[in-house]
Amino acid sequence: MTHSHNLMNDLAFLDDKRAPMTEQLLAWCGINSGSTNLDGLKRMHAALSDAFGGLGAEVETIPSRPLPVVTREGEIVEQPIGDMLRLVKRPQAPVRVLLTGHMDTVFPVDHPFQSETFLDSDTLNAPGAADMKGGLLVMLYALLTIEQSPLADQIGYEILINADEEIGSQGSAHMLTEAASRAHFACVYEPALADGTLAGARKGSGNFAAIIKGKSAHAGREHHLGRNALVAAVDFISGIDRLSGQREGLTVNVARVDGGGPNNVVPDLAVVRFNVRLEQPDDSDWLLSEANKLIADIDSREGFSAKLEGGFTRPPKPMTPQLDAFFRALRAAGDELGIGVDWVPTGGCCDGNNIAAAGIPVIDTLGVRGAHIHSAQEFAKLDSLVERAKLSALLLLKIAAGELPNPGLFEKTEKN
Ligand SMILES: [Zn+2]
């Protein structure tokens, strides 16, 4: 058995790919694909379809579900979401992996950060360079490498690239869950830290809006007839804020309040938006019941109504024995390439949360090395394009060759 030798030969395909990957990355970063820019997302979808078509399978366009949004006026409207991209290759192969990424960025079409700057020969500052257009290239080139390998028929994959990750993936989460049910394990191409450290356990997240309605009245003539929604909102805000820290690792961030109007009118509406992060899956029920008690208290007051919209969209992703085994497999592949593989827990969340909740192990920071994402200082390390493509390709080839365990089959019997 001299698989190792053959596998390293397979990776030679990537040796001269830094220049074409960089060129492709610049082109992709030049397309604004903010989550709400549907035209830009269409152009991005087309560019990705061209590139991923090189894998030799049909590129499918999958519509996303619209996103319910609470407006400043307390109304619920449906926001359209860009289409997903899907590609399936060898679905009957003995090893089946789900690879996911997102084509959207946090930068809307009117954001000042729209163009690229080379900070040095290895550092590209550009919108989406790290998060995660660089990661999509890492995924693509790892798979192109596998397609060149004689081991390709041992491994099948499904690619899902959504257009709403940065706004919570509510329009695509059902597809992530469905695709996870067909795969042994998953690879997600969010960026690693600049030094290459990956994200291990992740907190879960929920976004909520409390809609509080009172009754308007003239502030001078009939103040006593008014029911002040902003004042009621203060009670809700101080109550919900106090929940932070009552469960280990649970935080509540009151982010925004809409409502109110002229000085001489008692305000009849307040919309309070807040985000919750948590470590333990069970804490979501506790938080919901506490929040609903606060809502019920206001709703029961004469002349007031209150309701809670939103929910938990990213379940916590705990470190499990299965995930630990997956990381150790990745570390073994990294060792052969001289790439150190380490991981740390994070409060951030991503599609890896949803995939983990669907029951398969997932490493979700297999993209480029980079930093300062979600800001105009975002950068990607260009040397990591080839480096990380080699890491993913070797991981998958070694699993296909049986040199590393299939993480989805590790202690499967003990999983439930
Ligand atoms: Zn991302």
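Reader: With which side chain does the side chain of R314 make a polar contact?

Author: This is a predicted model. A polar contact is a pair of N or O atoms within 3.5 Å. In this structure the side chain of R314 forms such a contact with the side chain of D351, at 2.7 Å.

Reader: Where does R314 lie, and is R314 buried or exposed?

Author: R314 belongs to strand β14, which covers residues 305-314. A residue counts as buried when its relative accessible area is under 20%. R314 has 4%, and therefore it is buried.

Reader: Which residues is R314 in contact with, leaving aside its neighbours within four places in sequence?

Author: Contact means heavy atoms within 4.5 Å. Apart from those neighbours, R314 is in contact with E165, G168, S169, G204, S205, C349, C350, D351, N353 and N354.

Reader: Where is the place of S172, and what is its relative accessible area?

Author: S172 is found in the loop between β8 (155-162) and α5 (173-180). Its relative accessible area is 0%, so S172 is buried. The side chain of S172 makes a polar contact with the side chain of D164, at 2.6 Å. Leaving aside neighbours within four places in sequence, S172 touches M84, N162 and D164.

Reader: Is E279 buried or partly exposed?

Author: Partly exposed is the class between buried, under 20%, and exposed, over 50%. E279 has a relative accessible area of 33%, and it is therefore partly exposed. This residue sits in the loop between β13 (269-278) and α7 (283-299). Not counting residues up to four places away in sequence, E279 touches K203, E248, G249 and P316. The C-alpha atoms of E279 and R247 are separated by 8.8 Å, while the two residues are 32 residues apart along the chain.

Reader: How many helices and strands does the protein chain have?

Author: The secondary structure comes to 10 helices and 18 strands. Of the 416 residues, 53% count as buried. Among contacts with a separation of 6 or more, 80% are between residues 24 or more positions apart.

Reader: Why does the radius of gyration agree with that of a compact globule?

Author: A compact globule of 416 residues would have a radius of gyration near 22 Å, and the protein chain has 24 Å, which agrees. Along its principal axes, the C-alpha trace spans about 90 × 50 × 35 Å.

Notes. Residues are numbered from 1 along each chain as its sequence is written. This is a predicted model: local features need pLDDT of at least 70, side-chain atom pairs count only at pLDDT 80 or more; totals for chains, interfaces and linings use all residues. Side-chain values use heavy atoms; hydrogens and water are left out. Helices (H or I, at least four residues) and strands (E, at least two) are DSSP runs, numbered from the N terminus. The radius of gyration is taken over C-alpha atoms; the globule rule is 2.2 Å times the number of residues to the power 0.38. Buried means under 20% relative accessible area, exposed over 50%, partly exposed in between (1.4 Å probe, protein chains only). A polar contact is a pair of N or O atoms within 3.5 Å; within protein, one must be able to donate a hydrogen and the other to accept it, and residues adjacent in sequence count only if both atoms are side-chain atoms.
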